[in-house]
Amino acid sequence: MVSQHSERSDRRTVPSQFQELCVVLLRLHLNLQEEDLAYLFNIDQSTVSRIIDAWLSVMAHALECFIIWADRETLKKQCLSAFRMHMVQKSQL
């Protein structure tokens, strides 16, 4: 069993685009560590890091139209009163 593990770690694979997407989605949804993802997909941890960085940049750009930021007035109205009182003292909304 130990020899199988060492053989597996010696032969790294190049992930397909679908596998890269799976790496990113597993990281986002299950918060798996990069080392765990590297083991699951038989790739280096640094490769996992590069995949996540590249895909998140693309996803952020592609999905930015779906992110709606509330304006200041809406934020002020929706804040809890205790939170609002604390925040007014600390900063200006």
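**View 1. Asp44 and its salt-bridge partner in the predicted model.** In this predicted model, Asp44 is partly exposed, with 36% of relative accessible area, and its side chain meets that of Arg12 in a salt bridge, with 3.2 Å from N to O. The pair links distant parts of the chain, since Asp44 sits in the loop between helix 3 (34-41) and helix 4 (45-63), while Arg12 belongs to the loop between helix 1 (2-10) and helix 2 (17-30), 32 residues apart. Arg12 likewise counts as partly exposed, at 39% relative accessibility. Side chains of opposite charge can pair when their charged atoms come close, and a search of the whole structure finds one salt bridge.

**View 2. Asn42, a residue with a positive phi.** Asn42 lies in the loop between helix 3 and helix 4, and its phi is near 55 degrees, a positive value in a residue other than glycine. Most residues other than glycine have a negative phi. Asn42 counts as buried, because its relative accessibility of 12% falls under the cut-off of 20%.

**View 3. Asn31 in the loop between helix 2 and helix 3.** Although Asn31 is not a glycine, its phi is positive, at about 55 degrees. With a relative accessibility of 52%, Asn31 counts as exposed.

**View 4. The cysteines Cys22 and Cys65.** Cys22 is partly exposed, with a relative accessible area of 21%, whereas Cys65 counts as exposed, at 59% relative accessibility. A disulfide is a covalent bond between the sulfur atoms of two cysteines, and a search of the whole structure finds zero disulfides.

How values were computed: Residues are numbered from 1 along each chain as its sequence is written. This is a predicted model: local features need pLDDT of at least 70, side-chain atom pairs count only at pLDDT 80 or more; totals for chains, interfaces and linings use all residues. Side-chain values use heavy atoms; hydrogens and water are left out. A salt bridge is a side-chain nitrogen of Lys or Arg within 4 Å of a carboxyl oxygen of Asp or Glu. Helices (H or I, at least four residues) and strands (E, at least two) are DSSP runs, numbered from the N terminus. Buried means under 20% relative accessible area, exposed over 50%, partly exposed in between (1.4 Å probe, protein chains only). A disulfide is a pair of cysteine sulfur atoms within 2.5 Å.
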